Each structure stands twice: as structure tokens, then as C-alpha cells.
Amino acid sequence: MSSVVIAAVAIGAALGTASVLGVVVNRRSGVLRNTNTVVGQDNSDLSLSEHGPTVVHFSAAWCGPCAAVRRVVDQVCADLPDVAHVEVDIDANPAAAKRLSVLSLPTTFIFDAEGQQRYRSAGVPKAADLQTALQPLRGAH
């Protein structure tokens, strides 16, 4: 085989691999995942509600998709008034971001009324997914 054919096959294989990885990463974006509760973690700096679940999302002024998360969470909280919403600027509170292992923006968490982390999402979550995750945490509402 000529070196041109070998190069073309190598480039095709690299592009194929990159495409598959891109699809896998994009499919996970915005998906809510159950989290393992860290017992005794101090989240007092997050202003979590003691009366119901709290949606916490980390954002920054320079983060474009963070505005979309804000709109989605505001919509969900308007439909579920007993759910609190806290937005944390990662530049203003890097300690909280580090403690919760926030590696990308936007990152969204759902905490129950006891302050335990229950769900986590990187990317823009769907409103229906947030509502489904929040419903059992709302008690008898």
C-alpha cells in the first residue's frame, strides 16, 4: 500500500474514534445521576433549605450554558414552590466547587431537606428530569 492510503485509513480511524467519543460525551450531558451521599459533609456555605429539597447549580459569568440552566431551574422551581434554588458562582466560591468535585460548568446538584446530596448533573438538565428527581424528595406535597 502506498503511504497516502495508509495515511487516509489512519485519519479515517481517528475521526471515527473521535466521533464515537463525542456521541458518548454528549449523551451524558445534562443527565441526572444518583450520587453516593457523603455523610458529614459541611454544606453550610450553600444556603440549603431545611424545609424541602434544594437545587444548587454552579455557574460563572463567562459560562454561556449556565443561563440555560438558570432558566430550566427557575421554571421547575416556579412549578414546585417548595423547592429552593441556589446559584453558586464558581469564581466567588471555589472552595465549595472543589469540595463537591465540580470539574465543568454548568454542574447542578439536588440536595434533600437533610442537606444530603442526592443527584448530580453536568450540562443542562431537562426540566422533566429535574421534576422527576425532585418529586419523591418533596414529602407529602
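Is C77 buried or exposed, and what is its relative accessible area?

Author: This is a predicted model, and what follows describes that model. C77 has a relative accessible area of 13%. The limit for a buried residue is under 20%, so a residue with that value is classed as buried.

The other cysteines to consider are C63 and C66. A search of the whole structure turns up one disulfide, and its partners are C63 and C66, with 2.2 Å between their sulfur atoms. The link is right-handed, with 85 degrees about the S-S bond. Both ends fall under the 20% limit: C63 is buried because its relative accessibility is 10%, and C66 is buried because its relative accessible area is 1%.

Next come the charged pairs, of which the structure holds four as salt bridges. Three of them are described here.

In one of these, E87 and R70 meet, their closest N and O atoms 2.8 Å apart.

Another salt bridge is made by D82 and R138, where the closest N and O atoms are 2.9 Å apart. D82 sits in the loop between α2 and β3, and R138 sits in the segment after α4 (127-134), so this pair ties together parts 56 residues apart in sequence. D82 is buried at a relative accessible area of 18%, and R138 is buried at 11%.

The side chains of D45 and R99 form a further salt bridge, at 2.7 Å from N to O. D45 belongs to the loop between β1 and β2 and R99 to helix α3, so that distant parts of the chain, 54 residues apart, are linked. D45 is partly exposed, at 36% relative accessibility, and R99 is partly exposed, at 28%.

The aromatic side chains give two pairs in a search of the whole structure. F58 and F109 pair edge-to-face, with 5.9 Å from centre to centre and 80 degrees between the planes. F58 is in strand β2 and F109 is in strand β4, so the pair ties together parts that lie 51 residues apart in sequence. Both F58 and F109 are buried. F109 also pairs with F111, this time tilted, at 6.1 Å centre to centre and 40 degrees between the planes. F109 and F111 are each buried at 0% relative accessibility.

D112 is found in the loop between β4 and β5 (117-122). It is buried, with 7% relative accessibility. The side chain of D112 makes a polar contact of 3.2 Å with the side chain of R118. Apart from neighbours within four places in sequence, D112 is in contact with G52, P53, R118 and L137.

The backbone has some features to list as well. Most residues other than glycine have a negative phi, and most peptide bonds are trans. S47, though not a glycine, has a positive phi of about 55 degrees. Its place is in the loop between β1 (33-34) and β2 (54-59), and S47 is exposed, with a relative accessible area of 55%. S101 likewise has a positive phi, near 55 degrees, without being a glycine. That residue is in the loop between α3 and β4, where S101 counts as partly exposed at 43% relative accessibility. P106 is placed in the loop between α3 (94-99) and β4 (107-111), and the peptide bond that joins L105 and P106 is cis, with omega about -5 degrees.

To return to the cysteine asked about: C77 is buried, with a relative accessible area of 13%, while the disulfide is formed by C63 and C66.

Conventions: Residues numbered from 1 in each chain as written. Predicted model: local features only at pLDDT ≥ 70, side-chain atom pairs only at ≥ 80, totals over all residues. Heavy atoms only, no water. Helix = DSSP H or I, 4+ residues; strand = E, 2+ residues; numbered from the N terminus. Buried < 20%, exposed > 50% of the residue type's maximum accessible area, 1.4 Å probe, protein only. Phe/Tyr/Trp six-rings, centres within 6.5 Å; stacked < 30°, edge-to-face > 60°. Polar contact = N/O pair within 3.5 Å; in protein donor to acceptor, adjacent residues only side chain to side chain. Contact = heavy atoms within 4.5 Å. Disulfide = S-S within 2.5 Å.
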